[in-house]
Amino acid sequence: MATTTHYEFKPWNVGRWIIWSLFALLLLVAPKVFGSNLAVTMLSQMGIAIVACLSYNILLGQGGMLSFGHAVYSGLGSYMAIHALNMVSNGELPVPVSLIPLVGGVAGLFFAMLLGYVTTKKAGTPFAMITLGLAELVFAMSLMFSEFFGGEAGVSADRMAGEPFMGITYGPAIQVYYLIAVYTFVSVALMYAFTRTPLGRMLNAVRDNPERVEFIGYNTQMVRYLAFMIAGFFAGIAGGLGAINFEIVTAEVVGTVRSGGYLLFTFLGGATFFFGPIIGGVLMVFAAVLLSELTKAWLLYLGLIFLFMVMYAPGGIASLIMMNLRVAAFGRLREIWVSYLALGVSALLVLLGAGAAIEMIYHLQLDAAMGDVVTYLGAPMNVRSASSWFGVVFVTLTCLGVFELARRQFMVQWSDIQADIEKEIKRRETQ
Amino acid sequence: MEFFIISMLNGVSYGLLLFMLSSGLTLIFSMMGVLNFAHASFYMVGAYVGYTVSKHIGFWPALVVAPLVVGALGALFERLTLRKVHKFGHVPELLVTFGLSYIVLELVQLVWGRTAVEFPPPQALRGPAFTLVHHANDSLELVWGAAQAACGAEGVLCSPFPATRGFMMLVAVLMLVALWLLLTRTRIGLVIQAALTHPEMVESLGHNVPRVFMLVFGAGTALAGLAGVIGGSTFVTEPAMAATVGSVIFVVVVVGGMGSLPGAFLASLLIGVIQTFAVGLDHSFVSLVQQMGVPLSEGLASNPVLRLTLSQVAPILPYLFLVLILIFRPKGLLGTREG
């Protein structure tokens, strides 16, 4: 059977085709289902955030590089893109608007090449510090060079520049959405493909055991540098899309707050799975657009959620989903749904109580001039009466106790089930 | 001359304040391997707690109470969260402190409001510690206090040095000496030093290493709290104060060499002095060349990059310094390991 040694059986990966077709379909029909202006704007921002978070995850999830300065590359990409757009408007640059995000991408790649050389000399904690320092450097520079960065007002442009191509002027938001959707789909596909390349695999190895990789003969610094440049390229594409979407770029796009946001939401979405940052990007837009409307304390809630996530579910939402899918695949989900219900209800009540307390304190601190009554979820509450405070604290503490009881019960069940599943997997392997 | 002396003193005092912060950060880092991202947040909490305490019982008690409160909070944080994620590795530890910095910022705004609070230094520290009087006949004289008598005259230039700055230097030096004595001359210091390098061995000798970690974390944050009380009353107590020093102290720690206490000291002073001098100097490349009598073309003279004055560039100098150090001496000024 010597001839068959070179024969490789490659099944047509049906699951993968289905998932990617569904993703494309989702991008295609989303604005048809949610047709309002707000929805289309949010969908566009989600596309941008998905590309940005996925590019960040090349560093955090796949390379184990914790960067505090990823917004530098998306932000500088934005600036280059908006300057290019202005040049197109003036007729100096014969590039169609549809290709402007690529200008951002090339700019991101260039700056990642320039700054990444210094940054990727180190890994681990020093890497994180250097990215923070470089982010501060670029942000401080943005206030110094107002010709390029536009100072306080930023740089604005008109995306309806150049010749319309097949009637596409990018005037209506829906056309911009489809441009972003195409770029999002292609970028996501490319970044997924990257994880399958030898370089992508080496990057994982550098994350897990750099010493061993060095012994095999690879230069870990080079692997990190290449990955950093690729991440910079996709961050620049996200930045370029942002420039077209908002038609204005201000200095905050290179700021550390933006970088922190990428880190936060990529982690919340889940850095250990490829699709985690997609969830993170969607959440990022929801938080920035809806949560910040709902409450002034949204950063506090975000910080608390992040803290608990790091402590109890370091794999983010994606890992929670995958764990439960695994439990479901072994048919054990039925046993714990009662616990889930108890946990969910008590957590919701704790959140309601604590939320009421936080809103009342915020009201006292910031809007005391607006009267003593704060409306919380439609219920009027007097911030100066003892009874509303007593009620809030009582509800919060009681539910916290119930939650802790439920959590202990759940942890026992959960670890039992996990142990059973491990045993089952072992048993199947030996068969 | 007096510009040089006063700037030097200002720079050194700012550098010493940076060292008060970076020493705690370095101690925590070299011991636990955790870079405490929220270190500057503890500095801010120190300032705000000091503000509240000094409003009720005065500044001097606040100088003792606020660091204790901040240290207790730090130890509590270590016990409740950091110890839990210790087993996941260093990146989650950094992330936990990163999350904490968000929470602290919001909580501070929740309790003390979003605008700056008025936290004046005590009566004894208002006004200048001494004044350098530049007499009309070009002689220099040092006068303790404000020197009102001499400064009114014509042709006399007075350069006062604020008492708060002097106090800042005094406290920092005292703290430095106390820290050094604690680490080298006491039993607990020996245990800490041993736990730095050989935690397993120390543990098997019967010392409670997690508790030592908690104490070190508490002590480090208490130092940040002390710096906060002094920094808050000297500069301004506002929610943005953590962000302004936060990234600079990380630069200090990297430039000095990760985990090296003497390196942190050197780097703090260097960065403090460089930044203070840069802020005070209004020269740009263009003005410098023109002073030397070299004529410049119209295009060069109006070039926006060349026209930037040193004081405009001052905010980026620490970061430029960081980049240069990383290129030419990756382990930091006095660092020993290249990690």
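A: Begin with a single residue; note that the model is predicted. Leaving out residues up to four places away in sequence, B:Tyr43 touches B:Leu21, B:Ala224, B:Ala227, B:Gly228, B:Gly231, B:Ala242 and B:Val245.

Q: Which nonpolar core is the largest, and which residues have the most contacts inside it?

A: In soluble globular proteins, nonpolar side chains tend to be buried together. Here the largest nonpolar core has 195 residues, and B:Tyr43 is among those with the most contacts inside it, along with A:Ala231, A:Phe234, B:Ile249 and B:Val252. Helix H10 (residues 220-246) of chain A gives this core its largest share, 15 residues.

Q: How many residues of chain B are in contact with chain A?

A: As a general idea, the size of an interface is often given as the accessible area lost when the parts come together. For this model the description is by residue contacts: 37 residues of chain B are in contact with 35 residues of chain A. On the chain B side, the elements that give two or more residues are helix H3 (59-85), helix H4 (90-112), helix H10 (241-256), helix H14 (310-313) and helix H15 (317-328) of chain B. H4(B) supplies the largest share, 12 residues. By class, this side of chain B has 28 nonpolar, seven polar and two charged residues.

Q: Which strands form the open sheet in chain B, and in what order?

A: Strands of a sheet pair through backbone hydrogen bonds, either parallel or antiparallel. In chain B, three strands form an open sheet in the order S2-S1-S3, with antiparallel pairing. Strand S2 (140-144) and strand S3 (157-162) of chain B are the edge strands, each pairing on one side only. Neighbouring strands are turned by 20° against each other on average, direction ignored. Strand S1 (residues 128-134) of chain B pairs with S2(B) over five bridges. For B:Thr131, the bridge partner in S2(B) is B:Val143.

Q: Which helix packs on the sheet?

A: Helix H6 (residues 163-185) of chain B does, touching S1 and S3 of chain B. The direction of H6 makes about 45° with that of S3(B).

Q: Into what domains is chain A divided, and how many of their residues are in contact?

A: Chain A is divided into domain 1 (14-306) and domain 2 (330-430). Their C-alpha centres lie 34 Å apart. Four residues of domain 1 of chain A are in contact with four residues of domain 2 of chain A. The domain 1 side of this contact has two nonpolar, one polar and one charged residues.

How values were computed:
Residues are numbered from 1 along each chain as its sequence is written. Chains are lettered from A and ligands numbered from 1 in the order in which they are written. This is a predicted model: local features need pLDDT of at least 70, side-chain atom pairs count only at pLDDT 80 or more; totals for chains, interfaces and linings use all residues. Two residues are in contact if their C-beta atoms, placed from the backbone, lie within 7 Å. Helices (H or I, at least four residues) and strands (E, at least two) are DSSP runs, numbered from the N terminus. Ala, Val, Leu, Ile, Met, Phe, Trp, Tyr, Cys and Pro count as nonpolar, Asp, Glu, Lys and Arg as charged, and the others, Gly among them, as polar. Domain bounds come from an automatic or database domain assignment. Two strands pair if DSSP finds at least two bridges between them. Axes are lines fitted to C-alpha atoms, for helices over the stretch in contact, and angles run from 0 to 180 degrees between N-to-C directions. A nonpolar core is a set of buried Ala, Val, Leu, Ile, Met, Phe, Trp, Tyr and Cys residues joined through C-beta atoms within 7 Å. A residue is buried if 20 or more other C-beta atoms lie within 10 Å of its own, exposed if 12 or fewer, and partly exposed in between; C-beta atoms are placed from the backbone.
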